[in-house]
Amino acid sequence: MRQWVLAVAILAAASAAALLLGAEAQQQGHQTERISGSAGDVLEDNPVGRLKVYVYDLPSKYNKKLLKKDPRCLSHMFAAEIFMHRFLLSSAVRTFNPEEADWFYTPVYTTCDLTPSGLPLPFKSPRMMRSAIERVATNWPYWNRSEGADHFFVTPHDFGACFHYQEEKAIGRGIPPLLQRATLVQTFGQKNHVCLKDGSITIPPFAPPQKMQAHLIPADTPRSIFVYFRGLFYDTSNDPEGGYYARGARASVWENFKNNPLFDISTDHPATYYEDMQRSVFCLCPLGWAPWSPRLVEAVVFGCIPVIVADDIVLPFADAIPWEDIGVFVAEEDVPRLDTILTSIPTDVVLRKQRLLANPSMKQAMLFPQPAQAGDAFHQILNGLARKLPHGDGVFLKPGDERVLNWTAGPPGDLKPW
């Protein structure tokens, strides 16, 4: 026990020193430490001038009318679909001439159908998406010439374009066949999963930048909490037997460490939640129903080393953010050893991770600020689209080879009119 308490004290002092170093570097106009390789330049990359995006003008029932009906859509973790639409409408990459477009964007708010408690249940989403594609294919010639291969959609729900919040049912439904060739911009990312389409661009969930900014505390505040987590350990309403939610990883955290003095974990969500993360060395980011949660964004923004517990996770902007260098990855089966794993990380390694997290561009890449700013998540998405250019020879169908879209493919419930 004494060794663990000493470890907290050492890391708290070292953490404060690391943050001071980061603050001094920013004040002097110098960047903090950067990783060499692909992460060295991509965060600073400017996609403007390298691509043009045409935004389809759809009837408001697909987007703005839904938001007007329920403004809560602006604040939930799937709100990236709304803010991406707003960003593109005023972005320098937007073109009003579809003939010169590299990409076509279809603004459909698939998660803006909320329960009284504010939870998005995407049961109508497949029908809405199918209807939008049919409208686009009927009124413009561009979908049919490529079967959507030069089109992209933002599908930020738990299991992306599988449109269900429970994995088993999402897998059973699958991604609608109509989206087979389109690019999906989605938060869900797990290797070798039917809900992650090849070529998808994985993005972070939405976390409110202004709200987090309002809760910043002095950078030299000691990090006196060793491991921090607030959230569910069991989802009894959707998983009554308690063995499927988070594949048991969260339950294992609770059972093994609820009485461990190094672990500040609870289901409570205090008013000081953001401040507590800034006082913590490690922030647990375990999977829930999906591999990710807003905790990942919050941890990066607040300089708390994310401890990622989600086997085979595909992280947002993995070619731009050096996740291996700023985070700690723990296999789900190793959760009972979390205390040993984290206390055995050398102090110099912890300091290096904190210095990298102190880099403003690292935080910026995880956020959807209003208005947009250079290097933010919007620009990382555009970078992802730009890196997929030019479209290969196999993207466009040969003249006369256009095929009739199969409007009858998919689960029966998805085929009803919307």
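Is Arg-337 buried, partly exposed or exposed, and at what relative accessibility? In this predicted model, Arg-337 counts as partly exposed, with a relative accessibility of 43%.

**View 1. Asp-334 and Arg-337 form a salt bridge.** The side chains of Asp-334 and Arg-337 meet with an N to O distance of 3.7 Å.

**View 2. Asp-276 pairs with Arg-279 in a salt bridge.** The closest N and O atoms of this pair are 3.5 Å apart. Asp-276 has a relative accessibility of 12% and therefore counts as buried. In general, side chains of opposite charge can pair when their charged atoms come close.

**View 3. A salt bridge between Glu-332 and Arg-247 links distant parts of the chain.** The N to O distance between the two side chains is 2.7 Å. Glu-332 sits in the loop between strand S10 (328–329) and helix H12 (338–343). Arg-247 belongs to the loop between strand S6 (225–230) and helix H8 (249–257). The two residues are 85 residues apart. Glu-332 is buried, at 13% relative accessible area, whereas Arg-247 is partly exposed at 34%. The structure holds nine salt bridges, and the Glu-332 and Arg-247 pair is one of these.

**View 4. The largest pocket holds about 1100 Å³ of space.** Its lining is made up of 36 residues, and the closest to the pocket centre are Met-77, Leu-119, Ser-293, Pro-294 and Arg-295. Helix H9 (273–278) and helix H10 (295–301) are the elements that give two or more residues to the lining. Rolling a probe the size of a water molecule over the atoms shows where empty space is left.

**View 5. The largest pocket lies between two domains.** Domain 1 (53–206 + 376–390) contributes residues to the lining, and domain 2 (209–366) does too, so the pocket lies between them. By residue class, the lining divides into 19 nonpolar, 10 polar and seven charged residues.

Key
Residues numbered from 1 in each chain as written. Predicted model: local features only at pLDDT ≥ 70, side-chain atom pairs only at ≥ 80, totals over all residues. Heavy atoms only, no water. 1 Å grid on protein atoms, 1.4 Å probe; cavity = no way out; pocket = protein on both sides within 12 Å on 5 of 7 lines; lining within 4 Å. Points joined across faces, edges and corners; volume = space filled by probe spheres on them. Helix = DSSP H or I, 4+ residues; strand = E, 2+ residues; numbered from the N terminus. Nonpolar A, V, L, I, M, F, W, Y, C, P; charged D, E, K, R; others polar. Domains from an automatic or database assignment. Salt bridge = Lys/Arg side-chain N within 4 Å of Asp/Glu carboxyl O. Buried < 20%, exposed > 50% of the residue type's maximum accessible area, 1.4 Å probe, protein only.
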